[in-house]
Amino acid sequence: MSDAVEQDGGRKPPTAEFRKQLQDIIPSLRAFARGLCGNRELADDLAQEAMMRAWAARDSFEPGTNFRAWIYMILRNHFYTTIRKNARMTSWDPEAAERILIQEPAQQHAIHMSDVEKALQQLPVEQREMLLLVGAGGASYEEAAEIAGCALGTVKSRLARGRTALAAIINGPDEGEFGENRQNATGRGAMSSAA
Amino acid sequence: MRLDNAVEPDFDPIAAALRQMHDGIASEPVPDDFLSLLDQLEERMAEKAKKPS
């Protein structure tokens, strides 16, 4: 068990509600972590560490505020600390991405999940996390800004650049946004309207 | 898994794939060690609360 637990001074018993919130967030926390680092085992380690840190810091959580944003922020901060220490998690390689970007466009108008997962890991982490938060997880721009600690405009620009880069990696630079009919995303996140 | 983008005019395959990716992971059974962790945290807190300060 990590140091995060040792910081727990037992000042205040957690409410059953706090534990329930923590338990309920596990599935999406795991999904966010796996999207960030691209590895199941590392992602689960990240998610568990975030849970321990959240538990240790539970007194700082204000009931009624956005629990998901709070714990995602904890996980994100831990992720950034970890990638500074652990080269295994720094999957972003600009040269590799450049090589992919100059490849011939794929001659098909369909994508595979595995292509998206791989392409996602080629993006700068700041863009990747926005696609994960808004595009995948359905967070609002405001929530994403709170989690990432940045301005709303930054969320929108990272999202737009990330989406364009993701499409270019998957389809090749000429295909980009899947043609002119792909400008209006539907469903959660409204990603392509974020430019 | 394959996502065709010719289903409806404004269907966005990337947005759909991102959602599928998230939902796929989120729908996996939660590994036992996550729930064990919560139990351990709770037990540890209870032990600390019993100790005289």
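User: How are H3(A) and H2(B) oriented relative to each other, parallel or perpendicular?

Analyst: In this predicted model, helix H3 (residues 40–56) of chain A packs with helix H2 (residues 32–50) of chain B at an angle of about 20 degrees. Their axes lie 11 Å apart. Angles under 35 degrees count as roughly parallel. H3(A) and H2(B) are therefore roughly parallel.

User: Which residues of H2(B) does H3(A) meet?

Analyst: H3(A) brings A:Gln48, A:Met51, A:Met52 and A:Trp55 to the contact. The crossing of the two helices, H3(A) and H2(B), is right-handed. On the H2(B) side stand B:Phe34, B:Leu37 and B:Leu41.

User: How many residues of the contact of H3(A) with H2(B) are nonpolar?

Analyst: The contact of H3(A) with H2(B) has no charged residues. One of its residues is polar. The nonpolar residues number six.

User: What is the orientation of H7(A) to H1(B)?

Analyst: Here helix H7 (residues 125–136) of chain A meets H1(B), and the axes come within 9 Å. They cross at roughly 90 degrees. The range from 65 to 115 counts as roughly perpendicular. So H7(A) is, relative to H1(B), roughly perpendicular.

User: Which residues of H1(B) make the contact with H7(A)?

Analyst: From H7(A) come A:Leu131, A:Gly135 and A:Ala136. By class, the contact of H7(A) with H1(B) has five nonpolar, two polar and one charged residues. Arg counts as charged. The H1(B) residues are B:Ala15, B:Leu18, B:Arg19, B:Met21 and B:His22.

User: Are H6(A) and H9(A) parallel or oblique to each other?

Analyst: Within chain A, the axes of helix H6 (residues 113–120) and helix H9 (residues 152–171) come within 9 Å. They cross at roughly 125 degrees, and the crossing is right-handed. H6(A) and H9(A) are therefore oblique.

User: How many charged residues are in the contact of H6(A) with H9(A)?

Analyst: H6(A) supplies A:Asp115, A:Val116, A:Ala119 and A:Leu120. H9(A) supplies A:Leu166, A:Ile169 and A:Ile170. Six residues of this contact are nonpolar and none is polar. The charged count is one.

User: Which helices of chain A each supply at least two residues of the side of domain 1 that touches domain 2?

Analyst: The domain assignment of chain A gives domain 1 (3–87) and domain 2 (92–193). Their contact takes 10 residues from domain 1 and 11 residues from domain 2. The domain 1 side divides into five nonpolar, four polar and one charged. The helices that each supply at least two of that side's residues are H2 (16–37) and H4 (67–85) of chain A.

User: Which element of chain A has the lowest mean pLDDT?

Analyst: Chain A has a mean pLDDT of 78, with 68% of its residues at 70 or more. The highest mean among its elements, 97, belongs to helix H8 (residues 141–148). Over residues 91–109 of chain A, pLDDT stays under 50. The lowest mean, 40, belongs to helix H5 (residues 94–101) of chain A.

User: How many contacts beyond near neighbours in sequence does the stretch of residues 1–6 of chain B have?

Analyst: Chain B averages a pLDDT of 82. Over residues 1–6 of chain B the pLDDT is below 50. The model's contacts for this stretch, beyond near neighbours in sequence, number 17.

Technical notes. Residues are numbered from 1 along each chain as its sequence is written. Chains are lettered from A and ligands numbered from 1 in the order in which they are written. This is a predicted model: local features need pLDDT of at least 70, side-chain atom pairs count only at pLDDT 80 or more; totals for chains, interfaces and linings use all residues. Domain bounds come from an automatic or database domain assignment. Two residues are in contact if their C-beta atoms, placed from the backbone, lie within 7 Å. Helices (H or I, at least four residues) and strands (E, at least two) are DSSP runs, numbered from the N terminus. Axes are lines fitted to C-alpha atoms, for helices over the stretch in contact, and angles run from 0 to 180 degrees between N-to-C directions. Angles under 35 degrees count as roughly parallel, over 145 as roughly antiparallel, 65 to 115 as roughly perpendicular and the rest as oblique. A crossing is left-handed if the near helix is turned anticlockwise from the far one by less than a right angle, and right-handed if clockwise. pLDDT is the predictor's confidence in each residue, from 0 to 100.
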